[in-house]
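Here is a short briefing on one protein structure. Look over the sequence and the fold, then read the points below.

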Amino acid sequence: QTIILFISHTLALLFTIAPAAADKPTPLEIAVVGPMSGKSAHLGAAMAEAVKLRADEVNAAGGVDGRPIKIVTFDDMNQPETAAAIAKEISTQGRFLIAIGHRTSGTSLAAAPIYQENKLPVVSGTATADALTLNNPWYFRTIYNNSLQAQFIANYINSVLNFSTATLISTNSA
């Protein structure tokens, strides 16, 4: 369900941005960045496949103003350093309309300042760190941030389960 919302919001953003580039006969290129290898490769593959499925639907219907969407995948291996390097590669080429990714908050936070500096919009359907979109008009998410999730859980514990206290276990990692 999150992936469907993610794709719908991404394509809505694409339709908003696409008219500026509609006069070019070349495909509209979208970068999809996630863990395409390693322990989380199945999650990256699911991301890429979801975007590809929607792009195939749009292309079958004639594309965007007659221009097909081309998906290009990048493997950040779920490593923040690699994510930052890939963000630089993607955002400085000038060929990508938008990036979709990264899979985790850690990789997204590492890449976010680079996308912002190069003014490339990015949408994540999975990164929940509050800081990701704070003061960054170029990074978007289609999922609740950590603070909102915590408020929801606290309200549920109190209002539905009728508990007045809870134990919170946390970490400082993104």
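Is Lys52 buried, partly exposed or exposed? Lys52 counts as partly exposed, at 39% relative accessibility. Buried means under 20% relative accessible area, exposed over 50%, and partly exposed in between (1.4 Å probe, protein chains only).

This is a predicted model: local features need pLDDT of at least 70, side-chain atom pairs count only at pLDDT 80 or more, and totals for chains, interfaces and linings use all residues. Residues are numbered from 1 along each chain as its sequence is written, and side-chain values use heavy atoms, leaving out hydrogens and water.

**Salt bridges**
- The structure holds four salt bridges (a side-chain nitrogen of Lys or Arg within 4 Å of a carboxyl oxygen of Asp or Glu).
- One of them pairs Lys52 with Asp56, at 2.8 Å from N to O.
- Both residues lie in helix H2, four residues apart, about one turn of the helix. Helices are DSSP runs (H or I, at least four residues), and so are strands (E, at least two), numbered from the N terminus.
- Asp56 is partly exposed, at 36% relative accessibility.
- Glu57 forms a salt bridge with Arg54, with the closest N and O atoms 2.8 Å apart.

**Helix H4**
- Thr107 lies in helix H4 (residues 105-117).
- Thr107 is buried, with a relative accessible area of 1%.
- Beyond its neighbours within four places in sequence, Thr107 is in contact with residues including Asp76, Pro80 and His102. Contact means heavy atoms within 4.5 Å.

**Helix H5**
- Phe152 lies in helix H5 (residues 146-159).
- Phe152 counts as exposed, at 57% relative accessibility.
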